[in-house]
Amino acid sequence: ATSRSLLLERATKVGDDAAHVDAVALRLLAAARAGARVVWIRNTVREAQRAFRAVAARAGELEHLLFHARFRGCDRSRIELAVLDRFGKSAPAGGRVLIATQVVEQSLDLDFDEMHTDLAPIDLLFQRAGRLHRHARVRLPGFARPRLVVHGPSDADIVALRFGPSRFVYDAGTLWIADRALRSRDALHLPADIRPLVEESYHPDSRAALLPLGGPALVAAEHSRASQLEARRTKAKQCCIPPTSADPDGGAVLDDDDDAVQAFTRDGTSGTGLPFSWAGVGGRTVEAENGSPVWPLDAERADAWTLAGDLLDQTLSLPARSEVEGAVASNEQKPAWERWRKRFARFADESGLGSRVVPLPMKREPDKHRGWLRMGGKLRRVLYSPTLGLLMPSEKDEEQHQPHPEPESPRRAARCS
């Protein structure tokens with residue numbers, strides 16, 4: 001690989017979270033107005049949505065896009081095309097801002113003049129940095145060298161192991177080691193720095209030597225991580241398919257159903273949601289206008305497989321640490337909703353859509369759809385926007401972030417049908 005050097009800047013939170021997000025948004029917009037293509041990679045969808053709202057509130061006519069995994073499949077495909085078009089190898093000249101999550105770390109051929117990223121494990125920071133100055137092209141003054149700006153907790157928060165929402169994605173020890181590695185550098189040299197820093201982060205001997213420097217709480221967090229990892233390994237071994245030489249009567253036969261497939265292929269906390277427009281009588285796509293036909297949920301129809309495929313393309317990843325189901329808030333609509341939900345479940349099971357798709361009934365509002373789901377027995381508000389994706393806001397979020405007009409994407413794929 002060609003050797004190159006990245007300017008490295010470590011930025012810490014200024015004031016409270018909202019003030020920091022606003023400050024970064026202003027810096028991103030200033031760079032874009034100077035003609036640069038810039039990105040801020042956030043570690044969670046919720047934080048990406050917050051950052052995008054801060055940018056959108058100040059962007060005016062400047063191009064800005066949001067890309068994460070919690071869009072419907074059809075919306076995500078449209079946005080991915082727009083991201084490649086506006087930030088890829090053949091992107092036209094002009095400054096613009098992308099707010100994204102880890103979806104831009106791999107596979108996509110993107111080229112940024114400057115990259116901002118939340119603190120992440122060192123190997124992922126290298127992966128993200130691979131989208132900086134990826135192709136040979138003339139760079140604007142001030143962006144002649146690739147710059148990686150890593151946004152992390154304050155020194156006090158690092159000592160207290162307060163990593164914010166990133167703690168739900170990455171373990172404290174790996175984040176602490178990454179922060180420690182960055183503190184002593186003002187540049188990253190590729191590929192020379194990759195192997196030593198990755199080994200420092202993950203080799204058992206290195207972790208055992210470094211983490212006690214962070215104090216007893218960090219050592220305890222590492223022990224907890226190791227225990228969880230061992231539990232997952234044990235679970236994985238239980239799910240292994242026995243070799244062909246194994247005694248055919250020596251083990252239980254696994255049923256080839258959705259529950260078994262889910263249990264043996266994914267050790268995570270997500271589900272599959274289907275947001276749709278609900279008016280008390282049937283389901284329609286969220287783009288449906290008044291008078292649009294409802295979905296014909298009849299698995300015996302010759303075109304049932306087509307509808308099942310269309311609906312699958314409208315599903316999205318749903319954070320689900322416990323059982324989730326769609327709900328309606330109105331007592332008057334509950335009987336009709338329960339009848340429709342049972343009908344949908346039969347159709348999903350018989351048509352091949354899958355019994356793990358959770359239908360989310362939603363009402364249209366001017367710039368989004370609003371609905372409810374029941375999570376662990378509690379009712380939770382959800383929103384869906386083709387620009388912001390799925391949101392699961394708290395009351396405080398909705399007070400602080402008023403809706404903004406949805407910008408038109410520079411290039412659109414076919415609309416979801």
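**Exercise 1.** Which exposed residues does the face of α12 turned away from its buried side carry?

*Solution.* The model is a predicted one. Begin with the buried side: Ala336, Trp337, Trp340, Phe344, Phe347, Ala348 and Ser351 of α12 are buried. These residues lie on the same side of α12, because they cover an arc of only 95 degrees around the axis. On the face turned away from that side, the exposed residues are Arg339, Lys342, Asp349 and Glu350. Finally, identify the packing partners: the buried residues of α12 pack against β8 (270–278), β9 (283–284), α11 (304–312), β11 (324–327) and β12 (357–364).

**Exercise 2.** Determine how the span of helix α12 (residues 334–351) agrees with its number of residues.

*Solution.* Helix α12 has 18 residues, which at 1.5 Å a residue should span 26 Å. The end C-alpha atoms of α12 are 25 Å apart, which agrees. Just after the helix, glycine 352 takes a positive phi of about 95 degrees.

**Exercise 3.** Explain why helix α2 (residues 45–59) is described as largely enclosed by the rest of the structure.

*Solution.* First, consider the length: α2 has 15 residues and reaches 20 Å from its first C-alpha to its last, close to the 21 Å expected. Next, consider burial, for which the cut-off is under 20% relative accessible area. Glycine 60 follows α2, with a positive phi near 60 degrees.

Notes. Residues are numbered from 1 along each chain as its sequence is written. This is a predicted model: local features need pLDDT of at least 70, side-chain atom pairs count only at pLDDT 80 or more; totals for chains, interfaces and linings use all residues. Side-chain values use heavy atoms; hydrogens and water are left out. Helices (H or I, at least four residues) and strands (E, at least two) are DSSP runs, numbered from the N terminus. The expected span of a helix is 1.5 Å times one less than its number of residues. Buried means under 20% relative accessible area, exposed over 50%, partly exposed in between (1.4 Å probe, protein chains only). The arc is that of the directions from the helix axis to the C-beta atoms. Contact means heavy atoms within 4.5 Å.
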